[in-house]
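The following note is meant for a colleague who is meeting this structure for the first time. Please read the numbered points with the sequence and the model side by side.

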Amino acid sequence: MKLTVLGKYGPFPAAGGACSGYLVEKENTKVLIECGSGVFSRLQQVCPINELSGIILSHLHSDHMSDIMILRYALDSWNARGLREDVPVPLYAPGNPVEEYNRLYYKNVFQITPIHDGMQLKIGELSFLFQEMTHPVQSFGMVISDGIKRIAYTGDTNYNDKIVPFVRDVNLFIADTGLLYKDKTGPGVPHLTALEAGIIASKAEVEKMMLSHIWPGYTEEEVVKEAAVNYPDAFIAREMEEYII
Ligand SMILES: [Zn+2]
Ligand SMILES: [Zn+2]
(Lines give C-alpha, C1' and ligand atoms only; values in the text may rest on other atoms or scores of the structure.)
(Ligands and ions follow the chains in the order given, each with its own letter.)
Protein backbone atom coordinates (compact mmCIF):
# COMPACT_ATOMS: atom_id res chain seq x y z
CA MET A 1 0.00 0.00 0.00
CA LYS A 2 1.03 3.58 -0.53
CA LEU A 3 0.04 6.25 2.00
CA THR A 4 0.37 9.95 1.25
CA VAL A 5 -0.14 12.33 4.17
CA LEU A 6 -2.05 15.29 2.72
CA GLY A 7 -2.54 17.06 6.06
CA LYS A 8 -1.59 16.36 9.66
CA TYR A 9 -2.89 19.23 11.79
CA GLY A 10 -5.92 19.68 13.99
CA PRO A 11 -8.17 21.34 14.90
CA PHE A 12 -6.74 24.00 12.57
CA PRO A 13 -3.77 23.97 10.19
CA ALA A 14 -0.38 25.50 10.81
CA ALA A 15 0.55 28.27 8.36
CA GLY A 16 1.07 26.56 4.99
CA GLY A 17 -0.20 23.24 6.33
CA ALA A 18 -3.48 21.32 6.15
CA CYS A 19 -5.84 19.53 8.52
CA SER A 20 -6.39 15.76 8.44
CA GLY A 21 -6.16 14.02 5.06
CA TYR A 22 -4.59 10.73 3.94
CA LEU A 23 -4.60 9.10 0.51
CA VAL A 24 -4.27 5.30 0.58
CA GLU A 25 -3.49 3.55 -2.70
CA LYS A 26 -3.14 0.00 -3.90
CA GLU A 27 -2.74 -0.37 -7.67
CA ASN A 28 -5.69 1.55 -9.19
CA THR A 29 -7.62 1.80 -5.93
CA LYS A 30 -7.31 5.29 -4.41
CA VAL A 31 -9.20 6.08 -1.23
CA LEU A 32 -9.19 9.47 0.49
CA ILE A 33 -9.40 9.24 4.28
CA GLU A 34 -10.53 12.58 5.78
CA CYS A 35 -10.86 15.84 3.86
CA GLY A 36 -10.02 18.68 6.23
CA SER A 37 -9.05 22.25 5.48
CA GLY A 38 -6.42 22.42 2.71
CA VAL A 39 -6.65 18.74 1.76
CA PHE A 40 -8.47 19.06 -1.56
CA SER A 41 -5.79 21.31 -3.05
CA ARG A 42 -3.09 18.88 -1.94
CA LEU A 43 -5.05 15.85 -3.18
CA GLN A 44 -5.02 17.19 -6.73
CA GLN A 45 -1.22 17.24 -6.71
CA VAL A 46 -1.17 13.46 -6.42
CA CYS A 47 -4.60 12.20 -7.55
CA PRO A 48 -6.95 13.64 -10.21
CA ILE A 49 -10.49 13.62 -8.80
CA ASN A 50 -11.74 11.31 -11.54
CA GLU A 51 -9.38 8.61 -10.19
CA LEU A 52 -10.83 8.60 -6.64
CA SER A 53 -12.29 5.20 -5.74
CA GLY A 54 -13.97 6.41 -2.56
CA ILE A 55 -13.86 8.74 0.43
CA ILE A 56 -14.05 7.87 4.13
CA LEU A 57 -14.62 10.38 6.93
CA SER A 58 -13.90 9.15 10.47
CA HIS A 59 -16.24 11.79 11.89
CA LEU A 60 -17.94 15.03 10.98
CA HIS A 61 -15.86 17.67 12.75
CA SER A 62 -14.87 20.39 10.28
CA ASP A 63 -11.11 19.74 10.53
CA HIS A 64 -11.85 16.32 8.97
CA MET A 65 -14.47 17.24 6.39
CA SER A 66 -14.58 20.95 5.51
CA ASP A 67 -13.00 20.47 2.06
CA ILE A 68 -15.74 17.95 1.15
CA MET A 69 -17.90 21.06 0.73
CA ILE A 70 -15.47 22.23 -1.99
CA LEU A 71 -14.61 18.86 -3.52
CA ARG A 72 -18.33 18.42 -4.30
CA TYR A 73 -18.30 21.61 -6.38
CA ALA A 74 -15.35 20.24 -8.34
CA LEU A 75 -17.13 16.94 -9.02
CA ASP A 76 -20.32 18.74 -10.02
CA SER A 77 -18.58 21.14 -12.38
CA TRP A 78 -16.52 18.32 -13.96
CA ASN A 79 -19.83 16.47 -14.50
CA ALA A 80 -21.50 19.54 -16.01
CA ARG A 81 -18.62 19.95 -18.47
CA GLY A 82 -18.51 16.28 -19.42
CA LEU A 83 -14.99 15.92 -18.01
CA ARG A 84 -15.76 12.81 -15.96
CA GLU A 85 -18.18 9.95 -16.11
CA ASP A 86 -21.22 11.18 -14.18
CA VAL A 87 -21.17 8.52 -11.47
CA PRO A 88 -21.38 9.31 -7.73
CA VAL A 89 -18.21 8.86 -5.66
CA PRO A 90 -18.80 6.45 -2.74
CA LEU A 91 -18.61 8.39 0.53
CA TYR A 92 -18.70 6.74 3.96
CA ALA A 93 -19.26 8.77 7.13
CA PRO A 94 -20.93 8.46 10.54
CA GLY A 95 -24.68 9.12 10.49
CA ASN A 96 -24.34 11.48 13.47
CA PRO A 97 -24.63 14.39 14.06
CA VAL A 98 -27.60 14.10 11.68
CA GLU A 99 -27.53 17.75 10.60
CA GLU A 100 -23.86 17.44 9.59
CA TYR A 101 -24.50 14.13 7.80
CA ASN A 102 -27.37 15.67 5.83
CA ARG A 103 -25.11 18.53 4.71
CA LEU A 104 -22.98 16.02 2.77
CA TYR A 105 -25.72 15.50 0.19
CA TYR A 106 -25.18 17.60 -2.93
CA LYS A 107 -26.84 16.84 -6.26
CA ASN A 108 -25.65 13.39 -7.32
CA VAL A 109 -21.92 13.74 -6.66
CA PHE A 110 -21.70 11.29 -3.72
CA GLN A 111 -23.22 7.94 -2.93
CA ILE A 112 -23.34 8.25 0.88
CA THR A 113 -23.40 5.31 3.30
CA PRO A 114 -23.39 5.64 7.11
CA ILE A 115 -20.59 3.85 9.01
CA HIS A 116 -21.55 1.69 11.97
CA ASP A 117 -19.52 -0.06 14.66
CA GLY A 118 -17.93 -3.29 13.41
CA MET A 119 -18.72 -2.50 9.77
CA GLN A 120 -16.54 -4.10 7.12
CA LEU A 121 -16.12 -2.54 3.74
CA LYS A 122 -14.29 -3.33 0.51
CA ILE A 123 -13.28 -0.65 -1.98
CA GLY A 124 -11.37 -2.12 -4.91
CA GLU A 125 -8.16 -3.71 -3.60
CA LEU A 126 -8.59 -2.34 -0.06
CA SER A 127 -10.71 -3.55 2.84
CA PHE A 128 -11.73 -1.59 5.91
CA LEU A 129 -12.89 -2.53 9.40
CA PHE A 130 -14.42 0.16 11.63
CA GLN A 131 -14.43 0.52 15.41
CA GLU A 132 -16.35 3.24 17.21
CA MET A 133 -14.10 5.45 19.33
CA THR A 134 -14.55 8.03 22.10
CA HIS A 135 -15.04 11.63 20.94
CA PRO A 136 -17.60 14.41 21.44
CA VAL A 137 -19.31 13.29 18.20
CA GLN A 138 -19.63 9.78 16.75
CA SER A 139 -16.16 8.87 15.46
CA PHE A 140 -14.63 5.71 14.00
CA GLY A 141 -11.15 4.28 13.95
CA MET A 142 -10.33 1.97 11.08
CA VAL A 143 -7.99 -0.81 10.03
CA ILE A 144 -7.13 -0.73 6.33
CA SER A 145 -5.80 -3.87 4.64
CA ASP A 146 -4.63 -4.86 1.18
CA GLY A 147 -4.65 -8.53 2.19
CA ILE A 148 -0.94 -8.41 3.05
CA LYS A 149 -0.25 -5.35 5.20
CA ARG A 150 -2.46 -3.43 7.63
CA ILE A 151 -2.68 0.24 8.60
CA ALA A 152 -4.65 1.29 11.71
CA TYR A 153 -5.90 4.85 12.05
CA THR A 154 -7.54 6.07 15.25
CA GLY A 155 -9.53 8.98 13.84
CA ASP A 156 -10.05 11.39 16.74
CA THR A 157 -10.41 9.71 20.11
CA ASN A 158 -9.80 9.89 23.80
CA TYR A 159 -8.05 6.91 25.39
CA ASN A 160 -10.25 3.82 25.63
CA ASP A 161 -9.68 0.10 26.19
CA LYS A 162 -10.80 -0.86 22.67
CA ILE A 163 -7.84 0.73 20.91
CA VAL A 164 -5.04 -1.71 21.86
CA PRO A 165 -6.82 -4.89 20.68
CA PHE A 166 -8.10 -3.09 17.57
CA VAL A 167 -4.65 -1.96 16.40
CA ARG A 168 -2.67 -4.99 17.60
CA ASP A 169 0.26 -6.03 15.36
CA VAL A 170 -0.52 -3.62 12.51
CA ASN A 171 2.28 -2.60 10.18
CA LEU A 172 1.56 1.11 10.63
CA PHE A 173 -0.38 2.77 13.46
CA ILE A 174 -1.50 6.34 12.73
CA ALA A 175 -2.33 7.87 16.10
CA ASP A 176 -4.34 10.94 17.00
CA THR A 177 -1.74 12.86 18.99
CA GLY A 178 -3.76 15.99 19.57
CA LEU A 179 -2.53 16.60 23.10
CA LEU A 180 0.54 16.59 25.26
CA TYR A 181 0.14 15.11 28.72
CA LYS A 182 0.44 18.55 30.35
CA ASP A 183 -2.70 19.64 28.51
CA LYS A 184 -4.85 16.66 29.48
CA THR A 185 -7.13 18.71 31.68
CA GLY A 186 -9.50 15.89 32.67
CA PRO A 187 -10.73 12.42 31.76
CA GLY A 188 -13.12 13.70 29.07
CA VAL A 189 -10.64 15.32 26.67
CA PRO A 190 -11.29 14.65 22.95
CA HIS A 191 -7.81 13.39 21.95
CA LEU A 192 -5.03 11.01 22.87
CA THR A 193 -1.91 12.45 24.41
CA ALA A 194 1.45 11.63 22.86
CA LEU A 195 2.18 9.68 26.04
CA GLU A 196 -0.97 7.57 25.60
CA ALA A 197 -0.26 7.03 21.90
CA GLY A 198 3.15 5.63 22.83
CA ILE A 199 1.65 3.34 25.47
CA ILE A 200 -0.90 2.00 22.98
CA ALA A 201 1.75 1.40 20.30
CA SER A 202 3.93 -0.43 22.77
CA LYS A 203 1.15 -2.59 24.23
CA ALA A 204 -0.24 -3.41 20.78
CA GLU A 205 3.25 -4.23 19.45
CA VAL A 206 2.71 -2.30 16.24
CA GLU A 207 5.51 -2.34 13.68
CA LYS A 208 5.62 1.46 13.19
CA MET A 209 3.80 4.43 14.70
CA MET A 210 3.08 7.75 13.01
CA LEU A 211 1.99 10.70 15.16
CA SER A 212 -0.61 12.91 13.51
CA HIS A 213 -3.43 15.41 14.22
CA ILE A 214 -0.80 17.74 15.70
CA TRP A 215 -1.78 20.96 17.42
CA PRO A 216 0.13 23.73 15.56
CA GLY A 217 1.31 25.35 18.80
CA TYR A 218 3.40 22.34 19.80
CA THR A 219 6.93 21.76 18.60
CA GLU A 220 7.37 18.45 16.82
CA GLU A 221 10.29 17.67 19.10
CA GLU A 222 8.18 17.77 22.27
CA VAL A 223 5.46 15.60 20.71
CA VAL A 224 7.92 12.94 19.54
CA LYS A 225 9.82 13.04 22.82
CA GLU A 226 6.67 12.33 24.84
CA ALA A 227 5.55 9.43 22.62
CA ALA A 228 9.08 8.00 22.59
CA VAL A 229 9.02 7.44 26.36
CA ASN A 230 7.02 4.29 25.64
CA TYR A 231 7.64 3.78 21.91
CA PRO A 232 11.17 4.92 20.97
CA ASP A 233 10.70 4.78 17.18
CA ALA A 234 7.67 7.10 17.07
CA PHE A 235 7.80 9.62 14.23
CA ILE A 236 5.71 12.62 13.15
CA ALA A 237 3.73 12.52 9.93
CA ARG A 238 5.33 14.53 7.08
CA GLU A 239 2.90 16.33 4.81
CA MET A 240 3.03 15.28 1.13
CA GLU A 241 5.40 12.43 1.96
CA GLU A 242 4.67 8.99 0.50
CA TYR A 243 5.02 6.00 2.80
CA ILE A 244 5.16 2.50 1.37
CA ILE A 245 3.62 -0.03 3.75
ZN1 LIG B 1 -9.84 16.59 14.62
ZN1 LIG C 1 -12.78 15.67 16.10
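1. Axes here are lines fitted to C-alpha atoms, for helices over the stretch in contact, and angles run from 0 to 180 degrees between N-to-C directions.

2. The model is predicted, so that local features need pLDDT of at least 70 and side-chain atom pairs count only at pLDDT 80 or more, while totals for chains, interfaces and linings use all residues. Residues are numbered from 1 along each chain as its sequence is written, and chains are lettered from A and ligands numbered from 1 in the order in which they are written. Helices (H or I, at least four residues) and strands (E, at least two) are DSSP runs numbered from the N terminus, and two strands pair if DSSP finds at least two bridges between them.

3. E1 and E2 take part in an open sheet of seven strands with mixed pairing, in the order E6-E5-E4-E3-E2-E1-E14. E6 and strand E14 (242–244) each have a single partner strand and stand at the edges, so one side of each lacks a neighbour in the sheet. From one strand to the next, the twist averages 20°.

4. Within this sheet, strand E4 (residues 54–56) pairs with strand E5 (residues 89–94) in the parallel sense over two bridges, and Ile56 stands opposite Tyr92 in E5. E5 is also joined to strand E6 (residues 110–115) by six bridges, again in a parallel run, with Gln111 in E6 as the bridge partner of Pro90. The chain passes from E5 through helix H4 (residues 98–103) to E6 in a right-handed β-α-β crossover, meaning that, with the strands pointing away from the viewer, the path from the first strand over the helix to the second runs clockwise.

5. A further open sheet, also of mixed pairing, has seven strands in the order E7-E8-E9-E10-E11-E12-E13. Strand E7 (120–123) and strand E13 (235–236) stand at its edges with a single partner strand each, so one side of each has no neighbour in the sheet. Strand E11 (residues 172–176) and strand E12 (residues 209–212) run parallel and are joined by four bridges, and Asp176 has Ser212 in E12 as its bridge partner.

6. How many of the ten residues of H6 are buried? Seven of them are, so H6 is largely enclosed by the rest of the structure; a residue is buried if 20 or more other C-beta atoms, placed from the backbone, lie within 10 Å of its own, exposed if 12 or fewer, and partly exposed in between. The buried residues of H6 pack against helix H5 (163–167), E11, E12 and H7.

7. In helix H7 (220–228), the buried residues are Val223, Glu226 and Ala227. They cover an arc of only 95° around the axis, which puts them on the same side of H7, the arc being that of the directions from the helix axis to the C-beta atoms. These buried residues pack against helix H6 (194–203), E12 and E13.

8. Asn230, in the loop between H7 and E13, is partly exposed, with 18 other C-beta atoms within 10 Å. Leaving aside neighbours within four places in sequence, Asn230 is in contact (C-beta atoms, placed from the backbone, within 7 Å) with Gly198, Ile199 and Ser202.

9. Some backbone sites deserve a careful look. Most residues other than glycine have a negative phi, and most peptide bonds are trans. The peptide bond from Gly10 to Pro11 is cis, with omega near 0°, and Pro11 lies in the loop between E1 and E2; another cis peptide bond joins Asn96 and Pro97, with omega about -5°. Lys107 has a positive phi near 45° and is exposed, with 12 other C-beta atoms within 10 Å, whereas His213, with phi near 55°, counts as buried with 29 C-beta neighbours inside 10 Å.

Terms used
Two residues are in contact if their C-beta atoms, placed from the backbone, lie within 7 Å.
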